[in-house]
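Visitor: Hi! Could you walk me through this one?
Guide: Happy to. Here it is.

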Amino acid sequence: GNKSLEEPRLDVLINNAGIYQCPYTRTEDGFEMQFGVNHLGHFLLTHLLLDLLKRSAPSRIVVVSSKLYKHGYINFEDLSSEKSYDKAFAYSRSKLANLLFTCELARRLEGSGVTANAVTPGIVRTNLGRHVHIAVFVRPLFDLLSRSLFRSPEEGAQTSVYVASSPDVDNVQGKCFADCQPQVLLDKATDQELAAKLWDISEVMVGIIT
């Protein structure tokens, strides 16, 4: 257990940190930034808080993914993008990793009173897109369009709040929600073997298993 944690209980953990399509950079541990922040950071944080979540059961873990997971795949030979880096692909891969993480986490938490589910919030107007360059003269038009097409942070958070707190989701395990409805995912996001392999490698990467 983590001795420095002050809180006596933890009802909900929402893994929502995200970096979107940044130029190639590495975390201080040497991981490709999007994989490091969007997947490994959540993986480690969840690991550190899991005992407390179990002691606080019934409790919930929510992992924020994205529909862009569809464009990703997990290349175990190059998880740090040393051979080639494509910022859009790296983002999609990290979001696929979120879903595989949720899948394996849910399997491990079966019967513990802790549930793990994912959400895809859609495109939300936050500063997540700060690395996407839009020409100055187009920006007023983009801002106008984004207000009508993209969701406000409040709307974007709706599904996360629903999955974190609604009695409808009691005992629901290992699902992915969008617009407060469970979604059908592509097979690669629910592949149990792939999820288990990613879990094992993630443990080694973050130093849980040496």
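Visitor: Leaving aside neighbours within four places in sequence, which residues is Asn98 in contact with?
Guide: Counting contact as heavy atoms within 4.5 Å, Asn98 touches Asn38, His39, His42, Val63, Val64 and Ser65. Bear in mind that this is a predicted model, where local features need pLDDT of at least 70, side-chain atom pairs count only at pLDDT 80 or more, and totals for chains, interfaces and linings use all residues. Residues are numbered from 1 along each chain as its sequence is written, and side-chain values use heavy atoms, with hydrogens and water left out.

Visitor: Thanks! Is Asn98 buried or exposed?
Guide: Asn98 counts as buried because its relative accessibility is 1%; buried means under 20% relative accessible area, exposed over 50%, partly exposed in between (1.4 Å probe, protein chains only).

Visitor: And which side chain does Asn98 join in a polar contact?
Guide: That of Lys95, at 3.0 Å. A polar contact is a pair of N or O atoms within 3.5 Å; within protein, one must be able to donate a hydrogen and the other to accept it, and residues adjacent in sequence count only if both atoms are side-chain atoms.

Visitor: Where is Asn98 placed?
Guide: In helix H2. Helices (H or I, at least four residues) and strands (E, at least two) are DSSP runs, numbered from the N terminus.

Visitor: How many of the H2 residues are buried?
Guide: 18 of its 23.

Visitor: What caps the N-terminal end of H2?
Guide: Asp86, with a side-chain oxygen 3.0 Å from the backbone nitrogen of Ala88.
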